[in-house]
Amino acid sequence: MNLSISGHHVEVTPAIRGYMTSKLERIRRHFEQVIDVNAVLSIDNLVQKAEVTLHVRGKDIHVESVDGDMYAAIDTLIDKLDRQVIKYKDKRLDHHHHALKHQASA
């Protein structure tokens with residue numbers, strides 16, 4: 001998994017980078033076929049925003065989160081991303097099973 005974390009009007013410290021990396025391990029537990037992760041952390045008028053684009057085979061998943069605290073924004077972002085990855089994984093796996101069920105009943 002290639003991980004790219006950049007900051008816009010915020011310095012990406014080793015603590016923030018480590019926090020983001022540890023949180024992204026949760027995504028890898030659910031879905032190991034992650035190719036690339038691009039994260040952008042930004043601050044604009046005391047509003048802290050975190051966004052991630054996750055590249056998996058056949059799809060890019062983009063999630064944004066806005067909060068007053070950078071760590072809270074990252075936590076919310078990871079929760080949203082986790083739900084999206086599980087949804088994508090379920091669609092990929094269930095798609096084939098439904099086709100088999102419809103063929104057997106017809």
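Me: Leu46, buried or exposed?
Reply: Leu46 is exposed, at 75% relative accessibility (exposed is over 50% relative accessible area, buried under 20%, partly exposed in between; 1.4 Å probe, protein chains only). This is a predicted model, where local features need pLDDT of at least 70, side-chain atom pairs count only at pLDDT 80 or more, and totals for chains, interfaces and linings use all residues. Residues are numbered from 1 along each chain as its sequence is written, and side-chain values use heavy atoms, leaving out hydrogens and water.

Me: And where is Leu46?
Reply: In the loop between strand 2 (34-44) and strand 3 (47-56); strands (E, at least two residues) and helices (H or I, at least four) are DSSP runs, numbered from the N terminus.

Me: Which residue has a positive phi of about 65° although it is not a glycine?
Reply: His9. It sits in the loop between strand 1 (2-8) and helix 1, and is exposed at 64% relative accessibility.

Me: OK, helix 1. Which residues are buried there?
Reply: Ile16, Met20, Leu24 and Ile27. Down the axis of helix 1, its buried residues fall within an arc of 55°, so they line one face (the arc is taken from the directions from the helix axis to the C-beta atoms). Pro14 and Arg29, on the other side, are exposed.

Me: How many aromatic pairs in the whole structure?
Reply: One: Tyr19 and Tyr71, edge-to-face, 4.8 Å centre to centre with 90° between the planes. Rings of Phe, Tyr and Trp (its six-membered ring) pair if their centres lie within 6.5 Å; planes under 30 degrees apart are stacked, over 60 edge-to-face, the rest tilted.

Me: Which helices does the pair link?
Reply: Tyr19 is in helix 1 and Tyr71 in helix 2 (residues 70-105), 52 residues apart.
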